[in-house]
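The following exercises, each with a worked solution, concern a single protein model. Please consult the sequence and the 3D structure while working through them.

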Amino acid sequence: MLILGIETSCDETAASLLEVKNNKIKVLSNVISSQVKLHAKYGGVVPSLAAREHVKNLPKVLRSGLSKIKLEDVDLIAVTRGPGLVSSLLVGTAFAKTLAWKYKKPLIGVNHLEGHIHSNWLKPLNESSASDEFSFPILNLIVSGGHTELLLMSGSGKYQLVGQTLDDAAGEAFDKIARILGLGYPGGPAISAEAEKAGKPAMAARTNKFRVKLPRPMINSKNFDFSFSGLKTAVLYLVRDLLKNKKVKKPDNQTLIEIAAEAQQAIIDVLVTKTIKAAEKYKAKSVMLSGGVSANKLLRLELEKETIKKKIKFLKPEMEYTTDNAAMIALAGYFNYKIKKEKTDWQSVSVDANLALI
Ligand code: KG4
Ligand code: ZN
């Protein structure tokens, strides 16, 4: 079966062709047109500009995503219907609905977070993976620019929300802290690059080598919820006081590195601690990481280390599927089509910007 995936929930325009044959999953193409440069000068995504770029880029991305295959040969179209920026989602779904109507193909609307979870089943281009190689229950840590959730997955399409952020998402915290530090957008890669300048292990913060100390919000709370807005405010006050006391306009390079490293470590400490506690409580056989923040090398490393200690299997997506892509949407669409037998007429797909997974 050939599935065409389309993703436009935020600032990446993406199309992918996925093949599922004899229980084997193969990504045949994974095309992503990123708008990062466009939005960087504004310090974050500008919704109206993002939608305009999607309109411009979707036909090109689709052409290169399909390359040797004709739309007539596709068996299913899967498109992100939420959560995300409403104007971006509208462009992608309108485009996908038109294709489905014109070529008389089934169309399925996909939850973006369910897509991120499925990024873990994807192997690099043209390599096959089995669709049933994971043992449940799986505890999912989904960390992106808009979400931070712990979801227990007891089988395909069966989710239970275990915890979530009460305010900012982990990726949002990276982005906002990077902005305060003048490190640019997107903040996650910028902060980790800055932190890496501290040398190895970058996390000298842990060994008290750094003067900068930041809070680990809710790390000891009894539930599995998160809160990151206080951390951002702590960085804001730290920088404000520092500039006032030293009578300077910006922190010196070493201080900047220390704040970036300590902020990154604070976010990772909270994420790892709570995920491991939840995995133990719910007797998860595996811990699965996904979402844009899963590209963070230190988070991958530390979560892996802690799961090994607890003898829990650790799964993380290939780097090319960590941030927004359409291959993950195609696969989640395929499972919903096969297992949940969701509606697939083009009229039934509607945008929901705040779509929850459960
Ligand atoms: O999943 P994603 O591509 O888009 C959303 O669905 O939100 O995630 C984007 C988020 C941004 O907040 C970005 O700063 C963060 O993922 N991110 C990272 C890294 N790469 C991307 N955060 C930490 N470390 C990274 N290496
Ligand atoms: Zn995402």
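**Exercise 1.** Determine whether His112 and His116 are buried or exposed, and state how they are spaced in helix α4.

*Solution.* Both His112 and His116 are buried, where buried means under 20% relative accessible area and exposed over 50%, with partly exposed in between (1.4 Å probe, protein chains only). They lie four residues apart in helix α4 (residues 112-118), so about one helical turn separates them. Helices are DSSP runs (H or I, at least four residues) and strands likewise (E, at least two), numbered from the N terminus.

The model is predicted: local features need pLDDT of at least 70 and side-chain atom pairs pLDDT 80 or more, whereas totals for chains, interfaces and linings use all residues. Residues are numbered from 1 along each chain as written, chains are lettered from A and ligands numbered from 1 in written order, and side-chain values use heavy atoms, without hydrogens or water.

**Exercise 2.** Identify which residues coordinate the zinc ion (ligand 2).

*Solution.* His112 (NE2), His116 (NE2) and Asp324 (OD) coordinate the zinc ion (ligand 2) at 2.0 to 2.1 Å. Along the chain, these donors follow the spacing H-x3-H-x207-D. Donors are N, O and S atoms within 2.8 Å of the metal (3.2 Å for Na, K and Ca); water is not among the atoms, so sites may look incomplete.

**Exercise 3.** Describe the surroundings of Ser119.

*Solution.* Ser119 is found in the loop between α4 and β6 (128-130). Ser119 counts as buried because its relative accessibility is 0%. Leaving aside residues up to four places away in sequence, Ser119 touches Ser290, Pro317, Tyr321 and Met328, contact meaning heavy atoms within 4.5 Å.
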